Every structure is written in structure tokens, then in C-alpha cells.
Amino acid sequence: MLTLNEKVRLLTGEGGFGTCSIPSGNIKGIRMADGPNGVKTEDGRNLCIMNSGLMASSWDKELCYEVGRVLGIEAVESGVDMILAPAINLKRNPLAGRNFEYYSEDPVLTGTLAAEYIKGIKSMGVLVCAKHFACNNQEYRRWTQNSVVDDDTLRNLYLKAFEIVVKQTDVDAIMASYNQVNGVAVCENRYLLTDILRKEWQYKGVLMSDWCAMNHCVESFQNGLDLEMPGNAHNTVPKLLEAVENGKLSEEDVNRKVERILALSEEAAEKKNVCAATIDVEKLIQMTGESFVLLKNDGILPFEKTDKVLLIGTANHPRIQGGGCAEMKTNTVKTPYEEIAKKATICDCVDGYDIKGKERILAKYDKIVVFLTLPEDCDSEAFDRKTLCFPEEQIAVLRKIRQYNVNLLVVLQNGSAVDLSFENEVKGILETYYAGSYGACALAEVLYGNMNPSGKLAESFPLSDADVPNRSFFGQPTDVCYIEKEFIGYRYYTTYGIKPRYPFGFGLSYCQFEIEHVTFEQNGAYNFTIGCEVTNTSGRFSGKETIQIYLKSQNPFEPRMQLLEFASVRLQAGETKHCTILLNREHFERYVSGQKLMRTGSYTLCVATSSEQIIAEKEVALAEETKLEFNENTLVGSLLSEEKYRDITLTYMKRIINFWAYGMFETDRNFEENVFLKNSIYNMPLRAFSYFAPEEFDDKSIECFLTELKKIS
């Protein structure tokens, strides 16, 4: 039996990354570790995995599950109970410093893939904390800035990924972010923490603060927070005890919070005995390489073994991860130079971007690879990027090399969208984002055609910074106004007819794919089955194609294109597979004026390979099914107009309808061909026909007919 003091003590952490332990109550603390880049520990023995932007580029649910499982394995081996990941904020603006931790500019893609990643971690008996809830979309003044966002935008966009995760997984904890939302700090925002998470979404797990994010402890615990991180017992415990004593915080509410924390502690203890598993490094390399996005390929890829290759830039010291709290020490870092040199007949390397004195040798190489890498003052927690551009010295050397050799491949190392205005000056561009410990191994395999880069962009790459929809009001110091509403990324570009450099969902392949025999089948008001056949026409390469389903809207108050669902199809050379994608009511929900409604009216379903490349489309009418109320006043026309009621209606009523229409029970005439007769009969209730031939259609007959109708309704 815990004392009130012990209960309150459990509501604030202990040390830097753990919850409080109470030996007298046999309560063990929960050990936490940062997770977006890998399981962060001091000894550096764990792997750095590909960043979330690269993982999202896979558009592959199974892959994300397996990556989560890798983290789960390492957490078990490191004695870590809870991983502080995934981070599922949207990429509202490509300059946001923490974008490398985030998945996408789209909530459906983010939430769906993050849910699989969570399931993978939890399959190893490890707890998961999703973050940063909510609207934490810039780093500048993140502790104090106020995200001003209307409720519909908040619900349809920025909370959607969290909603998917809560409803599809048993996520153990959700971390409340530093910022305010509409003037109320998230840690004490009752609307977000209690009204939405607890009451509406029925979330059962722990709500914890980001590190030092809690402003007022009593108000935070009153409004839904369960756990303050890190430990701050000397300040928090006395205040909470006083709040309970004076009635500002009930002991019953404290008990509920304690029960949730103890449930996690017990779950962590029970799963300590999970069977050990081994990381399949080759599989991890394969997953990393196939997530790379091939943006341009004018015949430069794949390389031949006999090619003489020159590497320029960071081939000896790659940037494998973003910075900040997620940055981890790892003892495993493969370099592109060492891995490519294993495959090439000749492979030379220039460290950095100074080629002065080397110009005369450039022409002898068959392929030159330039690594464009964002420096450490980009892509980090605590500050945002200043520009979409790579450092000038990197672009300058690219253009200088081109004067001597045009066989240029650019390999990108970055956390989010960048300026690629040099694209016409090179033959190939390969987006690898931050690829982790074994990214170099994956790169070498991709360059030589042993793996197929099958990724698709999870974010739009604009032509320039001027095209970014919220460029002029991003990074404000106090009120960060989401004036653009839902029109971010591809939602903005497709609505306003602005062509990005590379659209959301885009990615080339070593394969060619044909998508044919597209079918749209409506199975109910909001239930659709979309099918197609996908063929890999390549004679050599296996690969993946991603089928993307968008909803196209003419409604000026919502984006023109919105991703509904997707499927990744893996195909061997020459193979054909049938792909089936199901849509249900949840795909068509939308908040309007603060209410969750079903879309109604005319929309278009699109089968596509990017937000700009539509393969097939079909206009659909969305409307709620009208459920008929069966009684003596049911109109005959409402029954004859519904296919499932038509036959039984004619069985019971054809004789009496003919008698009313033609004065005889049997006739071959079709009353529906006569406008007057059809409209008259269609608008008559069942009871009316009892007047014309009561011996054929009396009250008892109507009652029997209604009973049969209800059986098939």
C-alpha cells in the first residue's frame, strides 16, 4: 500500500532518463533512451539506423516494422525499457531543424508507417513513447512559441498521425511538447490531453512531458499530464501534496495516474525475459538501400565494375545522422570510400571540396560521385536551417568538375528537402538522407546494381524557397500562425498548380513498371475496393512499386489532392502481381467547423505513382446511405429504386400494382414506362394499395411484407 507521498513521488522522474523506483513497494523504475536515430547509450555499442525521413521513403509497412524490431532488439540488449520514439510531427516547412526525426509532410503516411514501427519495437517487449504532441513544427523559440492553428487544420492534419497511432497500436506513452497551442502550453492543455486523447480517442497509456517542458506542475496534472520528465521531485512533490490537501487535485486523480505508470513498470518487468534475437545486418542494409530515392538517372546508374570511380566530399567521413538529443555515439560507421572501393576496379577519393591542382586528372574517370552534405549547423534539435541550399563551396566544386567531366552523380546527405537547382548539370541524383551505420554498405550495393533504390519521396522538393507555402511566416518568435491551414507540401502545390522540382511520392527505379487493369468497385456508401495489376517489365532487376490512392476534391476549402491509402508491391524481374487496396469510412472523414463529418458530394479517386502522376481515376458520389424505415407509410418507389428490395417488392406487389394501374391482376405491361403511372405509384405508401384490392393486399399482407423487408435490410 503506497502512501500519498510515494504516489506523488511516482509522478516525476528520477535522474535523467527514468521513472522513480520505490523499493519498499517493490516498484522498479522504467529506464528510457532516445530512439529516432537508434537506441542511445553511453557505450556506443548500438547501431545508428536510417533516419525517419529515409524510412518513410520506403512507403513500406513491413520494412518499418522490421526497423522497429531492430531497435527493440538493441533496447533489450542494452537494458532499456522504453524508447523515446517515433517522432511523428509533420514536416510543415523544410527548414525545420528537427525534420530529420520526422517522417513526412503527410499525416496518413506518417501515422501508418509509425504504427508499424511501434509494433516492431513492441514485438520485442519494449515500451514505446510517441512524440512530440502537438504542433511542434519549428525549433526556434520552441520552449515558448505559440502555435496558432484553427481546429479543423489541427484535427485534419497535425493530430491525424497521432490519432492513427493511438487507434492502431497500444502505444505506451505520448510525450507532450514544449510549445503552446492556441495560447495554452501543451503540458497543461486540457483540450488536447484530456478531451481529445483521453475521452475522444480513448487513449489508455501514460502522458508525459518533454524534458523540462512543464511550466506549472499543478495545472499540468489537473489537465491530464501523468508524468513529469526528467526528475524534479524537490519542486514538484511539495506542490502536488499541497494541491491534494487543498482540493485542487483529487487523490482519486493521483491514483489513476499512478495506476497508469505502475502498469508500464509492471509490463517492462514482465517482458524482461523476452527471448533474445539477433539483428540481421544484411537485411538492415537491404532495407536501407531500397529506401534510397533515385531522383534522376540519365544512364549513369548502375555502375559497371570496370568503371574508374572518383569520390569527392565526405566519402571518408559521411554524415549518418542528425544532431541534438537524438544524436548518438556508435562504434559502427562504415564509410562510402571503403565500401565502394571493395567493388570498383579503380576507386580514388578526394576528402572535402578542394580540387585545386587535380583538374587535369578528372577526365580519366568514368564516373565521379560528389557527396553533397549538409553541415552540422543544419538538421539539429534546438535550431532551424537558414536555407534550403547546400554550402556554396559544394555546389561550386560540382560546377567546376563538370568543365572536365560530365559523368557526375550526386549523392545527397540531408534530413529534409533541399535546393536541387543544379539538377540539369548532373547525370544522376540519389537521395540517401541520413542512412545510419550501414548506409555506406547500402550505397555501394545500390551503385553497382545489387540493390534497387525503390524509395518514393515522403515530402515535396520545391523548385526554390520562394515556393514554400509558409516561407514568410515560419520561424516567428512568439505566435507561429498556421495561416496556410491545410495547404502544406503537395496539398499546396496540387491545389494552386505550382510544380515542385520533385513531387511527393516520386521516385525512379532501375525497373520499369506497368500498372494496368485498374478497377474501382464500390461496396457501400464509403467502402471501395481498388485493384490493379503491376508488372515489372525489367529483365534484370527486382524492385518495389508503390501504388498511391488519392482523393481529388473540387471543394475550395480543402486541398485538391489528399493521400488516402497506399501499398508497396515487391516484384521480381518480369513478374506481375495483383494489388488490392480497400477504403472504408475512416478514409473519408473530415473535420468541418469543429465537427467530424463524412464527406459528401462528387469526388475523384485516383490511382497514382506520385501526387503529380495519376494512372487512373474515377469520379465517385459520396453520400450517407439512407436507412429505410419500414412501415405502412414506406413509399413503394423507395423500395423499387433499391436493388436489394426490388425483387421482393415486385413479388408481393406486382399483381396489386397492375390492378391499380390497369384494372387487372395479370398483365405484361410495364407501368414504369408510363411517366404518369410510374410517378403516381412510386409516391404512394404501401397502405394506399389496401384500398384497391383488400382481399389481395390487406393489413396482414402488409405486415408479412414488412417482416420480409426487415430480414434483408
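# Exercises on a predicted model

Of the 713 residues of the chain, 61% count as buried. The model is a predicted one, and the exercises below walk through it step by step.

## Exercise 1: The overall picture

Find how many helices and strands the chain has, and what its C-alpha trace spans along the principal axes.

Solution. Begin with the secondary structure: the chain has 19 helices and 24 strands. Next, take the extent of the C-alpha trace, which is about 105 × 75 × 50 Å along the principal axes. Finally, look at contacts between residues at least 6 apart in sequence: 74% of these join residues at least 24 apart.

## Exercise 2: Tyrosine 550

Describe where Y550 sits, and decide whether Y550 is buried or exposed.

Solution. Start with the element: Y550 belongs to strand β18, which covers residues 543-552. Then check accessibility. Buried means under 20% relative accessible area, and Y550 has 0% relative accessibility, so Y550 counts as buried. Now look for a polar partner: the side chain of Y550 makes a polar contact with the side chain of Q548, at 2.6 Å. Last, compare sequence with space: E565 is 15 residues from Y550 along the chain, and their C-alpha atoms are 7.3 Å apart.

## Exercise 3: The nonpolar cores

Which residues touch the most other members of the largest nonpolar core?

Solution. The largest nonpolar core has 204 residues, and those touching the most other members are M82, F133, M208, L295, I547, F588 and L605. Take L605 as a worked case. Leaving aside residues up to four places away in sequence, L605 touches residues including F520, F528, Y550, L564 and F588.

## Exercise 4: The largest pocket

Find the volume of the largest pocket, and say which helix gives the most to its lining.

Solution. The volume is about 660 Å³. The lining has 26 residues, and V108, K160, I164, E586 and H587 are the closest to the pocket centre. Elements that each supply at least two lining residues are α4, α5, α6, β19 and β21. Helix α6 gives the most, with 5 residues.

## Exercise 5: Helix α18 and arginine 92

Which residues of α18 are buried, and what covers them? Then, is R92 buried or exposed?

Solution. In helix α18, residues 675-682, the buried residues are L677, S680, I681 and Y682. Their cover includes α16 (636-640) and α17 (643-662). At the start of α18, a side-chain oxygen of N674 comes within 3.0 Å of the backbone nitrogen of F676.

Turn now to R92, in the loop between β2 and α4. R92 has 2% relative accessibility, so R92 counts as buried. A polar atom of the R92 side chain lies 3.3 Å from the backbone oxygen of C481. Among the residues that R92 touches are N137, Y158, F473, C481 and E484.

Definitions and conventions. Residues are numbered from 1 along each chain as its sequence is written. This is a predicted model: local features need pLDDT of at least 70, side-chain atom pairs count only at pLDDT 80 or more; totals for chains, interfaces and linings use all residues. Side-chain values use heavy atoms; hydrogens and water are left out. Helices (H or I, at least four residues) and strands (E, at least two) are DSSP runs, numbered from the N terminus. Buried means under 20% relative accessible area, exposed over 50%, partly exposed in between (1.4 Å probe, protein chains only). A polar contact is a pair of N or O atoms within 3.5 Å; within protein, one must be able to donate a hydrogen and the other to accept it, and residues adjacent in sequence count only if both atoms are side-chain atoms. A nonpolar core is a set of buried Ala, Val, Leu, Ile, Met, Phe, Trp, Tyr and Cys residues joined through side-chain atoms within 4.5 Å. Contact means heavy atoms within 4.5 Å. On a 1 Å grid over the protein atoms alone, a cavity is a set of points where a 1.4 Å probe fits but cannot get out, and a pocket is an open set with protein on both sides within 12 Å along at least five of seven lines; lining residues have an atom within 4 Å of a point. Grid points are joined across faces, edges and corners, and a volume is the space filled by probe spheres set on the points.
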